[in-house]
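Look at the sequence and the model together.

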Amino acid sequence: MNVDTFKSESDEFWKDRKPRQLAWQAFEDEVTRYIEQSLGDGAFGLSKNLTRVTPKKALFSRDRSADIVFDVVVEVFAALNSDDPVLIWIWECKDYPGRSVTVDELEEFHSKMKQVSAHKGTVVTRSGFQSGAINFAKANRIGLMTLNKEKQFAFAMSQDAGFLERDEIVGSYCLYAIGLEIGGPSNSSGPTLRTML
């Protein structure tokens with residue numbers, strides 16, 4: 001077999017085998033889309049025109065004298081031409097199959113939030129939170145959210161349509177504000193936001 005033959009067979013082999021995203025990367029993308037669509041729907045009470053959503057944003061830590069890269073950062077500005085945000089909301093994505101988010105992970109996230117002077121933080125997972133993590137989140141006003149993607153099937157009775165498939169991201173969340181609890185700490189008792197994809 002000559003080199004050209006090997007190359008063409010190799011190219012054919014890899015043609016339909018595209019690299020797949022790692023699970024945690026896919027979850028971060030899903031969370032980013034969810035935030036952007038929720039902003040468009042007015043779900044967070046923030047002006048979409050004055051809000052910037054940035055995945056993998058680096059913010060400067062005074063304690064480290066270096067940047068910390070966060071999964072998703074939401075910045076709210078007072079005016080369209082402003083460079084300094086009036087609100088920094090950090091979102092941490094924790095996609096761990098088979099286990100809940102621990103209190104240690106919440107403590108680490110809270111420490112990083114303080115280092116960059118973030119105003120608000122939310123931790124998102126698919127698998128829920130341990131009770132210690134929920135208690136820590138309440139005490140430090142950290143938002144907790146479970147985000148799941150569900151497959152939806154619809155049957156259309158028409159000449160040119162049959163089974164339709166769509167994805168729907170479903171999020172149960174609890175957000176803690178100063179002196180006010182909105183929602184609940186568990187997956188089932190919090191309000192639910194639904195976003196169609």
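Which residue in β2 is the bridge partner of Phe60? The partner is Asp67. This is a predicted model, in which local features need pLDDT of at least 70 and side-chain atom pairs count only at pLDDT 80 or more, while totals for chains, interfaces and linings use all residues. Residues are numbered from 1 along each chain as its sequence is written, and side-chain values use heavy atoms, with hydrogens and water left out.

Strands β1 (residues 51-61) and β2 (residues 66-76) run antiparallel and are joined by 10 bridges. Two strands pair if DSSP finds at least two bridges between them. Strands (E, at least two residues) and helices (H or I, at least four) are DSSP runs, numbered from the N terminus. β1 and β2 form a hairpin with four residues between them. In the turn, Ser65 has a positive phi of about 55 degrees.

Strand β2 also holds Asp71. Asp71 has a relative accessible area of 8%, so it is buried (under 20%; exposed is over 50% and partly exposed in between, with a 1.4 Å probe and protein chains only). Leaving out residues up to four places away in sequence, Asp71 touches Glu28, Thr54, Pro55, Lys56, Trp91, Glu92 and Cys93; contact means heavy atoms within 4.5 Å. The side chain of Asp71 reaches the backbone nitrogen of Cys93 at 2.7 Å.

Now turn to the helices. Val103, Leu106, Glu107 and His110 in α3 meet Gly132, Ala133, Phe136, Ala137 and Asn140 in α4.

Terms used: Polar contact = N/O pair within 3.5 Å; in protein donor to acceptor, adjacent residues only side chain to side chain.
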